[in-house]
Structure formats: C-alpha cells, structure tokens
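Please open the model in your viewer and keep the selection panel at hand.

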Number of protein chains: 2
Amino acid sequence: MMIYMPVAMAIVGLIYMVVKKSWVMKQDAGDGKMKEISDHIYEGALAFLNAEYKLLAIFVLIVSIALTAVSFIVPTTHWLIVISFIFGAFFSAFAGNIGMKIATKTNVRTTQAAKTSLPNALKISFGGGTVMGLGVAGLAVLGLTLFFIFFFWFFMGSVWTNTMDMTIVLETLAGFSLGAESIALFARVGGGIYTKAADVGADLVGKVEAGIPEDDPRNPATIADNVGDNVGDVAGMGADLFGSYVATVLAAMVLGNYVIRDMGGSIDDVFGGIGPILLPIAIAGAGIIISVIGTMLVKIKSNDAKEAQVMGALNVGNWVSIALVALSCFGLVTWMLPETMQMNFFGEGLQDISSLRVFYATLVGLVVGAVISSVTEYYTGLGKKPILKIVQQSSTGAGTNIIAGLATGMISTFPSVLLFAGAIWASYAFAGFYGVALAASAMMATTAMQLAIDAFGPIADNAGGIAEMSEQDPIVRERTDILDSVGNTTAATGKGFAIASAALTSLALFAAYVTFTGIDGINIFKAPVLAMLFVGGMVPVVFSALAMNAVGKAAMEMVQEVRRQFRDIPGIMEGTGKPEYDKCVAISTEASLREMMLPGLLTIGFPLVIAFVPMIFGMDYLAIAEMLGGYMAGVTVSGVLWAIFQNNAGGAWDNAKKSFEAGVMINGEMTYKGSDAHKAAVTGDTVGDPFKDTSGPSMNILIKLTCLIGLVIAPILGGHTVETALVSSEEEVSIEMTVDSQDLAKATVDFYTIEDGKKVFKSLVFKGSKTEVEREIKAFEASLTNNSGEATMVIENIDIKKG
Amino acid sequence: MMIYMPVAMAIVGLIYMVVKKSWVMKQDAGDGKMKEISDHIYEGALAFLNAEYKLLAIFVLIVSIALTAVSFIVPTTHWLIVISFIFGAFFSAFAGNIGMKIATKTNVRTTQAAKTSLPNALKISFGGGTVMGLGVAGLAVLGLTLFFIFFFWFFMGSVWTNTMDMTIVLETLAGFSLGAESIALFARVGGGIYTKAADVGADLVGKVEAGIPEDDPRNPATIADNVGDNVGDVAGMGADLFGSYVATVLAAMVLGNYVIRDMGGSIDDVFGGIGPILLPIAIAGAGIIISVIGTMLVKIKSNDAKEAQVMGALNVGNWVSIALVALSCFGLVTWMLPETMQMNFFGEGLQDISSLRVFYATLVGLVVGAVISSVTEYYTGLGKKPILKIVQQSSTGAGTNIIAGLATGMISTFPSVLLFAGAIWASYAFAGFYGVALAASAMMATTAMQLAIDAFGPIADNAGGIAEMSEQDPIVRERTDILDSVGNTTAATGKGFAIASAALTSLALFAAYVTFTGIDGINIFKAPVLAMLFVGGMVPVVFSALAMNAVGKAAMEMVQEVRRQFRDIPGIMEGTGKPEYDKCVAISTEASLREMMLPGLLTIGFPLVIAFVPMIFGMDYLAIAEMLGGYMAGVTVSGVLWAIFQNNAGGAWDNAKKSFEAGVMINGEMTYKGSDAHKAAVTGDTVGDPFKDTSGPSMNILIKLTCLIGLVIAPILGGHTVETALVSSEEEVSIEMTVDSQDLAKATVDFYTIEDGKKVFKSLVFKGSKTEVEREIKAFEASLTNNSGEATMVIENIDIKKG
C-alpha cells in the first residue's frame, strides 16, 4: 500500500493548488486599463504556448516514431516507453501551462492589491507562485508514481521477482523522464531566447533610440517583454525543475534496484521487497506536503515592510521546509530501508551500509541546496564585495567593467565546484551512488517551495510593469518594486539551486547509466573515451555560443519590427496611435523557437552520433557505451562550470548596474545613473543578459538531457549483457538452489565473466516458484550457450537443496 | 653510438645559432637616438630577467629542497632528480636569456635596415628569430640527451637491463622537464601579466588621457610597453615551447620503455635494445637540422613586397620543414623500430603493431600542427567571416561587440576540439599512447622553425616602435609595419600551435603517468575520481580569472605612476623633460612577478594537496593516484577549452579593431577609426588583451605543469607497486628460466595480482647474466613476502631449463 502514499500526497498537493488557484482568481483584477494590459500579456503568453505546442507535437511525434522503431529492434526495450515518453512530455507541458496561466492572471491582481496593501500584494503574488510550484511538483510525482505502479504491475505482476525485471520497469519509466526533459529543452532554451530577444529589442529601440522609459505602453515590444518574463522565468524554470525532479527520483529508483541486487537479489521488508526503490518517491511525496506547509508560513503583516521583511518571510518558509524534509528523510529512511544494506562499491567490493548512512547522504543534499544559494548570493548580491569591485571597475570604462564581471563569474566556480565535489565524495562515501541520488532527491523534495519563491519574482515584476503601463499612483509601483527587488535576489539563488539540482541529477543519471549498461566503469585511460571526454567538454561551450548568437539574431528582428512600427504607425509616440503588440509577440515566438533548433539538435544529435556511428562500423557495444559515458562526463563537468560562470557573471553585471540606481561611491565621489561609469555598467549588463537568462540556464537542460538520452539508449548498448557474458570454463559456474516448504525456490548462480580480458566474479539470484526459477536458470544457461566466442558451456548439474 | 647523434645535431644547431647571432650583431645598429631607445629596451628586458632570476633562484631552491626530501623518503626516487631539475631550469632560463638578448639587439638593427631595404629588414628580424628558435631547440635537445646518456650510464651501465631500471632513469630525467616547465610558469604567466600591464598602462594614460600616439617617447610607460613585447612574446613563448618540447620527448621515451616491456622485456636491435626510447630524441635532433634548412629558405627579393610576399616566404620555410620532418620520421621510424612491435592496448590486450603504423601516428601530429594554425587563422584572421561579423556587431555598441567576440572564441572550440579528439583517437589507434606521444614529438620537431617565425613578430613590432620613437622617415615605419602585420598573424597561429603542443604533450604525460603508477586506468565511475575531475575542470577557470585580475591590478599601478610622472616632471609633454622609463619598467617587473604568485601557487598546490592530504588520512596510494589522474584529466580538458576560447576571442577582437584602420563597410557605410563602432571595437580589444596575452597562453603552462607534477610524484604514489602486488595463492605464480650457452639467462614470471578485488594476470621478464636474473627473482620474491595483506607466498621451486 505504501506505493499509493506518494500518489495520495501528490493529489493533496494538487487539490491545495486548485483551492489556491480559485482563491487567486477571485481577487480583484483591477480597472479597465490594467485589465486590458494584463489581457495582452495573457494572450501573448498563450500565443507563445500555442506555437510551442505545435512544434512540440511534431517533436514528440518524431521521437515517438524513433523510440517505437528502437523498441521493435532492441529486444530489451519495450514499446511502452513510447507511451511513458508522451505522457512525460504531456505532464510537463501541462504543468507549464498551469504556471503560465496563473502567473499571467496573478500579475494584475497583485498590482490591484498593491494599491492598498503590501501584505496582500505579497500574499497574492506568492499565491500565484504556490500554484505554479504545486502544479509542477504534484504532476511530477503523480505521473511518475502512477506509471511506476502501472509498469510494476504490467511487467512484474506487482510482485518483486528479480533485478532484471525491475530494470525493464525502470528503463520503460525513463521514457517519462525523457519526455519531461524534452519539454524543458523547448521551455528553457526557447524561453531563454524569447525573453532576451524581447528585452533587448524593447530596450534598444525604446529606451535608447526613442528615449521612452521601460514598460512604456507606447513601446510595441513592451508586451512581448512582459510575456518574456513569464516565458523564461516561470515556464522555463518550471520545466527545468520538473525535469530535474523526475530524473532525480528515477535515477535514485534505478540505483535502489541495484542495492537490492547487491543484497543478494531480494530483501524482506514490509514494502513488498522494494523499499529502496520506493524511498525516493516517498521522499518526493512527503516534500509536497511539506512545501504546502512551507508556503503557508510566508506572510508579512506591516504595510510599511521593506525588502528585508519580505525576504525574511520567504526565508522562514524555505528554512522550515528544509528542516521538515530533513526530519521526514530521517523517518522515511529508517522506516523504509533495511537497517543494514550491502552495497557494491566500485573497486572495493560489497560493504555493509547502515540505513543511517543513507540519511546522512540526504543531509548532504540539503546542505548543498542551502549553501549553493548563499554562494550565488555572495557573488551576485547587491552590496557584496564582488559587486562593489565591478562597480569600481566601471569607472575606467566598459572594458574593465566587463573584465571584472567575467572574472567574478569565473572565480565563483571555485567554491561552487568544491561544494559539488565535496558533496559527490561525501554522499558516495556514505551510501555509494544510491547516496548521491538520494542526496539529489532530498534537495529536490522542496521543489514546490523553491518554485513558489522563484515564480513570485516575475509575477511581481509584471505587476510593476502593469502599474507603469496603466499609469498608477507611484506608491503602487513602490510596493511592487519591493517585491520585484526581492524577486531579483530569489531569481539568482533559484538559478543556483537549479544548477545544483541539474548537477546532482546528472551524476545520479550517469551512475544509473553505468550500472544499466553493465560496463566496467568509464576508464578515461582508453583513448577513445578520453577523446569523447574532450568532445563532451566542448559541447556546452559551443551550445552557449549558439544560444547567445540566437538571442542576437532574434533581438535584431525585434528591433527592426519596433523601428518599423514607430515609423509607420501615426501618432504612436503621442499615445494616440496604438502599437501592434501582437506582431512583436509573434516575432519573439517564431524567432525563439526557430533559433533553438540548432542548439537543440546539438544536444540530441551528439550522443546519438557517438552511439550509432561507431555501431555501423562494427565497434564493440560495451566500448561504445564507455565512450558515451566519457562524453556524458565531459558535458556534465564542463556544463556545470559554464552554467555557474555564466549565471553568476550575468547576475553580477546586473546588480552592478542596479547599484547605480541608489548611487555608489567611486574614488570618493557619489556616482549615479547617467554617469559614464553607469553607462559602462549598462554595457556589462547587455553582455550579461544572454549569459544569465539564456545560455547559462540552458546548461542545466543540456547536461540532464545528455545523460537521459544516454540512459534511454543504455539498453541498446549493453543493458543486459552482463548476464550473458562468456564464462571461461565449466567449473567456474556454480548454481545453488533451495526450495522451501511452500515450494518457493531461490537459486544463486555464481560465475565468472571475462571482461577486458579479466575474470570478473558475478552473482545472480532468482526467486519465485520452483518452475519459475528453473525457467530462469534455463534462460541463463541458454544465454551462455547462445554466445559465440572463445568458450561456451552447458550447465549440467544443479545442486538442489531442500530448505 | 646512435645516442650521440641528437647531441651532435643539437651542437650543429647551436653553432649555426652562434654564427647567425654574430652576423646579426655585426649589422648596423643605427644612429644615436635609435641606439638610445634600443638600449633602454635592452636594459628594461635585462632588468626584468634579473628580477625574474632572483625569484627563480628562490623557487628552484625551495623545490630542490622538497625534491631532496622526497628522494630520501621515497626509495624509488633518486636524489639525482634534484640535479636534473636544477639543470632543466637553468637550460630553459639560459635559452630565454639568449632569446631576449638577441631580440632586443635585433630590433634596432631591423629599423636601421628598413631605412633602405625591406628584404634586409626581414632577413635581420627573422635572423634574430632564428637565433632564438635554435637556442631553445638546441639547448632542449642537448640538455635532455646529455642527461639521458648520463643517467643511462649511472643507473644501467649504458646497457639495457630491464624496464624497471629504465623507469628509474626516466623518472630521474623527469626532473629536467619539471625544471624547464617551472621556468615557463614564470616566463609565460609573469611575462603575460607584464606585457599587458605595461600595454594597458601606456594606452590608458598616454593615448586616452594625454592624447599622444602609441610609442610616443614622451610616454614614460612606452619603454616598458616595448620591453613587454619581448617579455611576453619572446621569452614567454620560448619557455613555453622549450617546456613542451622537453616534456613531449620525455613522455615518448617513457612510453617507448613500456613498448619494450610489452615486447617481452627486451628487444634486439642495433641501438642496444632501446630503439623505441631513442626514437623521440632522434626525431628532435633531426628536427633541428631541418629547421636550420627551413630558416635558410625564408627570404624575399623585392623592396616593394607586401604582406602576402612576406607571409609566403615564411610559409615556404614552414612547409618545407614540415615535409622534411615527415620524410625523416619515415626514415627514422623504419630504421630504429622493430618491424613489428607488441603493444598492450588497455582492455584489448597485446596487439601486433608494425613500425609503419608508428609513422602514420607521426603524420597525425604533423597534420594537427598544420590544421590548428588554419583553424586559428580562420577565427582570428582579418577579412574572415567571424571578424566581419564582430565588426558588424560593433555598430550597435560595445555590448554586442563583446557578445560577438565571446561567441566567436567559444565556437572556435568546435573544430579545434574535434581535431584534437580525432588526433587522439587516430594516433592511439595507430600505435597506442606511444603513437600519441610520437605524434606530439613529430609536431614539435619543427619547434626551432616555429619559434623563429614567432619571435620575428615582436622584433618587427619593436622595430616599428623604435622608428616611431626616434622619429624616422614614414617609409621606415611602413616597412616595419608590413613585417609587424605578418607578425600579428603568425602570433595568432603560433598560439594555436602552442595550445596543440600543450594538449598533446599533456596527453602523453598523462599516459606516462598512468603507466608509471601502474594503476588500472582512471575510472571516473569512482566518485572520488569524478569529484577530482570536477575540481580539475574548475582550476583553469579560476586560474584565468586570477591572471586577468592580476593584469588589472598591475595596470592600475602603472597608470598611477604614469600619471604621477606627467604631473611631477616639468616639460615632459613638450619633450624637454625626460620621463623616468626605468621606474615604469620596475613597476611592471615587480607587479607581474608578485601577481603571478597566486595563480602559480594554485597550479603547483592543487596536485600536491590532492596527493598528500589523503595520504595523511591513510588512503590507499593507488586510489590517490587514480584521483590525481582524474584531476589531471579535468585540468587538461578544461584548460585546452579555455585556452582556445580565450586566445581566439582575444585575437578576434584585436583584428576586429584593426579592421577599422583600413575602413570597414557597416550597414552600407564605410566606417573608420574614431567612429562609434570603432570605439566599441576598442572596448572589445581591451577585454581581449588579457585573454589572448595573459590568461589564454597561461593555460598551456597550467596543463603541462599539472601533468608533470603528477609524473614526478608518480613514484611515490605507486610507481613500482605493480610488481609487488599480492598474489592470491602459491599455485598462481609460475617462473620459467632459461639459460643459454653463454650463461645468459632469461626468466619469465607469470603471476596474478589482486587489483580492485579482481585477479589480474601479470608477466615479468628478467634478462641478464644468470646471477643477475637470480637476484631479480629473489627481489621479486621478497617484494611478495614483504607485503602485509590477505595472502603472501614464498616461491619454492623454480624450473630452470637449459636453452
């Protein structure tokens, strides 16, 4: 029954989401002008979504056909992976849809509330964020769990049989994760290009050429700009975390399955013998309820509250959530796992691991999530040393400002990478790669809360835009600005969280991949593997360049359209002519989706080329699997570095520029907006924009998708070859079978395989009815004799002991 | 006798160098003003060298003490490594000294020659480059070969005994390479900071604030600026290539030694059984003579020649050299190697490799050297597509110019990395890691020629500066400008060559390291190894940031000094007051050497921490060796990427700016210097300067030094543990010994070791007199029984067959 617990919790989360949503929708949406602008943004967002869905449908169709073909050619891949892929894509898209809709409905209500009350404005904007967060987390857990239940029933009759069968269940489930991450590619990369193209286009012509302020309704690109905030920061971030969430849980389940294998092929627990596999879903389920509690704690009382109070309120919710997750991890781990487990540590053999050590691994994950946010805040936060340094360097021009920003982003990799490296090491030392995956799962448990905090930022930003465009009382903008300013901070720390989650997720996927393929690790002393490590390292760099160029191209199209409207529409500057907002929205939409093709192709194409081209040339499959593993490692290491570098450099430039708004002290003089130093800082921000909003966050998708593609093609490369490897001689296989009084049999097959010219000891355990076990043994025997190679064998004698 | 051939060739090269040098020195050094300026530059360069030598002496002393301590603690490390380290440092420093002196003497002679004849100016400036190139290559080959001869005599009595003894010879020789690369750290990183600090300082106050042209003698920093060209591009590049050259040959020798081991422990050839070890030195020796021939071919005839003719003359010399190296490789490989060799391919066992395949591997190296230059030229060359794009993007401001430049650098990693990956793969497929190392050796064979081409650029640049400062006829500057412009192109392609050499050298060192330590490859599926791969990937990024910040700090000190002089020295702007050039030189010198400490410490400290800290905590040495290997791989992959990115982005910005000098077409309008677009391009160049002249080239040193440090501490980590690993039981050792009629014995010891919990088959062969072989067997036996662990054994019966 435990298996239904996460479903129930996901449903509770979704119900709370619906309640919260209807509460938000019931709030006053303001007067005519406000409503009109809000409707424009809403429609623009829908236009983007619809265009995206069309492209997505084609993409999903192509991939589905490919997957179907694969599932018919490769005996170990089941066609149901196509179904789970489609549903994964659909669930993620649906969650994004909920988020976009609520965000674009909440913005105007926040503006309206800000007319009278800051606490209410926070409540509404954060309420919108909560809907988004719970939608993503609820649907992710619901979808993943339901499919697991279904496949567990379909392939295994809902009863544990053996590791191999469960491997097929989880391989099929990987389709769900692949679907989710594919949507993230469109939402994050396409969205990233959209938001910056609209932003740059609006600024370049509006602010610079026409000299009108930001968010001025006379600017034709202003609606596209506001839509962009939602497309990038709401839908993009949501899909990114949806993908991480699902992939993390999946990877932990895969590794849980191998824990059971290492423990002799089966365990006795009250969860049908699959406690280690269920644990990650259970943590995710608990995380949803905890996030609901956390969001309830976010509130302020005073109408005169400042940024610090708002930030404090968010922090209370966040920290309580993290503490509760730690508590629940302790409970779930000690309850669901055997007190002592055996885990196979690569190169060190089987070791006894207590369940408490798994709990420590989850703590590592929670610490990483918390610390990476602080690191990000230090390097990008207003008033912090790195920002002050960039401000100082702005006085000698744009060149030195840019060098300082680049250097800040680069140096910020130091603590971040040491943190990740320490986390990998520690969680692995505690509980192997299962520990690494559970560290990631624990960190991701508060996804709903994190997203609520993240999504509230762009909502507040939009609310400010609406206040400006609808010419409200300055106090309204002041109030939304307080929320917006806090939102900027949470956006930066949220990006840190997203990178950390992507990094840990990829590592967990990487571990799952290696275990799936059954290869003997990834040895970079083999030249082809080393070559692929290089190639993998290069891909994030080229991807980033393509994404940056894409922004440039899309922005240029926007600039030309805005210029055209200013030229062709009479009275537009006087406010009598109406700009054609929808044309700008259409341009952003089309350009962003078109320009994401090339980087997307790079992401998907490279692993496929590495896997299938050598196959055509008859290369050994396990050698290919190892090469692909080298590629995955290269992408992950380099991708994490470039993500941190670009996000933090971009964030630092942004806040260095913002520092001038309140005035900064340079060489003993107060310097403000409009000064030469400020202009230099604006140039830095221009460079930083695509860094932090397009190419930087796209790295997350690149590394996760790369590892997921690897996982999905793992069965082709070697998923089940461990069991069919050659043995060198007859004596080296021993089979022991015991049959108990209820005629339930258990057989242990010990044998050596030849891998890389070395003898490697393997052990398989079959359990079930006597007939079933005998069938399994026959199949094993057949797999040995079917092999062509140096030595084949027939097992003649099987010891059968009556237990 | 073959062993003395490279010595002879090196001496021929050095004699030619001395002849060429005295020829250059005999040329007319011009009139009083020119001489005076030239003397200033010469003295400035000497001042830097002297300051550097002081620091170097301290550094060499500290490292020597550390190495001495290590050699007394670790039984497998001999104290002679200290001597070879000191001589390696000395030879490299001496080569740099020769180069700096001749460069700063040639510049004024080139100016003088340019008064009447362009062909003569080329002849003299290229003559200076030739002296530099031959000094570096000659001393490198001479030093390395002499020490090899000495150690071969000292440890082995100049007669092949076995792989283990030769390993000690080569490990001790690694000290020479470490010494050379340490000098490169100071010359390249310190020099890189020097040259940009002086350049930025001179430009910021001179050009921007005081409004005087470049190279104006009224600017106090102008001498420092000209010294900087020599410090960075002559001494820095020279030390970099000296280091690569030595390291490559050393790594190839190490791997040659293992080829002999794989062939059964000894081979019969006319080179005393060490043909595969001598081959790389022989190729280097031949390369010196070939370079001499190549440099003789570089000449032009017409006084009205343009850039294309000068470039053509250099190309003739270069291509002929490469072709001759290919020919000589064919001759040497087929002559010196056994027709068929056995090489152990990791995971694939022993394979038969014909000597022709080794020749193909050397061709791979030559192709990489040639192609990488073309790739670099495409991304950074005037008039090429990427540059034109950056020029176009300059019209919308510095922000878009910088994004375009960054993107260009990033995209340029695509062909470069694919080229490297292909080269690794191909040369490995041809002849294993020995093939990779020989590919690097072949590429580096033309080092003298490459350096001649490289060093001629800054000489011509200086010559132009002297013409400007001494107010010569414009035709003089025009002629030197032609040479300078060609020099800019060769500087960019030279950087490409330096990266390629660093990359291949590091790979060869990496392979030598793995083989030295005897670890079972580098498996990144072990979490600690993966963690170190991350850390290694981060170090080049942080190093680059530190180097960039160092330039900023040093430049600021220079700016303040120049400002002070303009303020305090009366009549300086009118040309009546004399600027204090030496103060600026002193500031550059001190600041650069001080600021290189932190990045230097990072480079040296990280591998030491990774090696020794876990040792304190009692971690298994082989596990540490594998972690360190992961770190080395991370540094190499990330370092190569960042080197390409930074060098090419910097080169692209530079030439985008230069494009404006001749005028460029932007949006249908001709745009020139002084336009807004040009100003944007100048900002881009400011960012690019530390990229291409400081942090980018420093990556070469970082990756090579990291791998060298690994190689030097390899004996501590496990150098000889393969032979002492435990066997699981007595039966599993078999020793067969044959004694021929001359009482020469050969023993084959077959045994299993336990590595990573797996049984691994090992075979050792001992050859020599019967007494010697019996001693070896006893030592082997002792190494088994000395071990504490699961199972030890005593060999009781040795079959002795009379052959």
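**Stop one: a residue in the core**

Select Val436(A) and display what it touches: leaving aside residues up to four places away in sequence, these are Ile424(A), Ser427(A), Tyr428(A), Leu504(A), Leu507(A), Ala508(A), Ala511(A) and, from chain B, Ala527(B). Contact here requires that the C-beta atoms of two residues, placed from the backbone, lie within 7 Å. This is a predicted model, in which local features need pLDDT of at least 70 and side-chain atom pairs count only at pLDDT 80 or more, while totals for chains, interfaces and linings use all residues. Residues are numbered from 1 along each chain as its sequence is written, and chains are lettered from A and ligands numbered from 1 in the order in which they are written.

Val436(A) and Val436(B) are the residues with the most contacts inside the largest nonpolar core, which has 559 residues. Such a core is a set of buried Ala, Val, Leu, Ile, Met, Phe, Trp, Tyr and Cys residues joined through C-beta atoms within 7 Å; a residue is buried if 20 or more other C-beta atoms lie within 10 Å of its own, exposed if 12 or fewer, and partly exposed in between, with C-beta atoms placed from the backbone.

**Stop two: where the chains meet**

Next, select the contact between the chains, to which chain A and chain B each bring 60 residues. On the side of chain A that touches chain B, the elements giving two or more residues are helix 11 (398-411), helix 12 (413-444), helix 15 (527-568), helix 18 (621-662), helix 19 (676-717) and strand 7 (758-769). Helices (H or I, at least four residues) and strands (E, at least two) are DSSP runs, numbered from the N terminus.

Of the interface residues of chain A, 100% are also interface residues in chain B, so the copies meet through the same surface.

**Stop three: the axis**

Now superpose chain A on chain B: a turn of 180° with a shift of 0.0 Å along the axis gives an RMSD of 0.1 Å, by least squares on the C-alpha atoms of residues with pLDDT of at least 70 in both. The two copies are therefore related as by a two-fold rotation axis. To find the axis from chain A, select Asn523(A), whose C-alpha comes closest to it of that chain's residues, at 2.2 Å.

**Stop four: chain A as a whole**

Of its 803 residues, 63% count as buried.
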